[in-house]
Amino acid sequence: MTLTKDLSSMLDIEDLRRVCKGIAALEIVMSREQEFRYYFYDPNWSDNEEVFELINGCGSMRSGCNSHMMILFCPDGCVINGFDNCSYDDEIYYTFDDDGDIQWCKSVEKEKKNALKMKEIVQGLPDVFHEFVEKSLESIRSTFCIWKTKDGKWSRSDLVGTQEDGSAEMLDILDKNPQKYIEFCKWYYGKDIPFDVAQKVYHGESLTLEMVKSLNSEVEDIELVKGELDEMGYPNTL
């Protein structure tokens with residue numbers, strides 16, 4: 001079952017924002033090379049807007065699929081747009097020419113079908129989120145989209161949640177259970193991190209030097225870690 005079929009398990013906006021910032025802060029500590037991180041948080045996406053982003057170009061834990069998700073936090077609420085390439089009928093295909101070289105082609109028919117499907121995925125989206133989602137569709141496309149206005153509830157179009165869309169795996173880590181990130185770290189970074197420290201970060205507690213070292217003993221550039229945390233707006237005493 002895709003998570004977007006039942007939205008009752010979704011966190012409220014502020015809890016989700018806190019967890020997203022915590023995960024991005026943990027990523028800063030666990031990977032000092034940005035290109036290898038999965039999760040990012042930009043507190044200055046635009047005026048009064050913040051964005052959490054998942055970028056996975058090497059395949060997911062279970063499916064091996066590439067995925068990309070963007071979550072906008074703004075005064076009007078929150079919107080989540082995600083793309084899973086294994087759930088997408090890609091219009092790009094290849095053939096071989098007479099010399100045996102690959103020739104990339106684009107199926108016009110599939111491209112039209114995908115465009116129509118993405119319109120269905122965002123059907124019912126409140127006007128306040130249109131600009132962000134349009135930009136998101138241009139950059140990452142979409143296999144699912146859900147949203148919540150400030151005073152409303154989590155919503156989706158009738159199409160979302162009726163088929164596999166990658167949402168279950170991408171959104172699974174965004175709950176209040178730090179064990180999800182701990183399992184991710186063990187799989188991706190090959191490291192075990194202490195539950196109590198991860199839990200504190202999930203709750204938005206200030207990161208100390210002792211906590212950083214317990215998460216990743218190989219960190220040497222503490223000032224650079226502090227700089228990134230400060231830029232993201234995550235509390236710390238480094």
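Against which elements do the buried residues of α8 pack? In this predicted model, the buried residues of α8 pack against α1 (13–30), β1 and α7 (209–215). Helix α8 spans residues 222–232, and its buried residues are I222, V225, E228, L229 and M232. Viewed down the axis of α8, these buried residues fall within an arc of 125°, so they line one face of the helix. An α-helix has 3.6 residues a turn, so residues three or four places apart point the same way. On the other side of α8, by contrast, E223, L224 and E231 are exposed. Just after α8, G233 adopts a positive phi of about 85°.

Strand β1, one of the elements against which the buried residues of α8 pack, also belongs to a sheet. This open sheet comprises six strands in the order β1-β2-β3-β4-β7-β8, with antiparallel pairing. Its edge strands are β1 (39–46) and β8 (155–156), each of which pairs on one side only. Helix α3 (residues 130–140) packs on the sheet, where α3 touches β1, β2, β3, β4 (77–84) and β7 (144–149). The direction of α3 makes about 165° with that of β3.

Within the sheet, seven bridges join strand β2 (residues 49–56) to strand β3 (residues 67–74) in the antiparallel sense. The bridge partner of L54 in β3 is M69.

Methods
Residues numbered from 1 in each chain as written. Predicted model: local features only at pLDDT ≥ 70, side-chain atom pairs only at ≥ 80, totals over all residues. Heavy atoms only, no water. Pairing = 2+ DSSP bridges. Helix = DSSP H or I, 4+ residues; strand = E, 2+ residues; numbered from the N terminus. Contact = heavy atoms within 4.5 Å. Axes fitted to C-alpha atoms, helices over the stretch in contact; angles between N-to-C directions. Buried < 20%, exposed > 50% of the residue type's maximum accessible area, 1.4 Å probe, protein only. Arc of directions from axis to C-beta.
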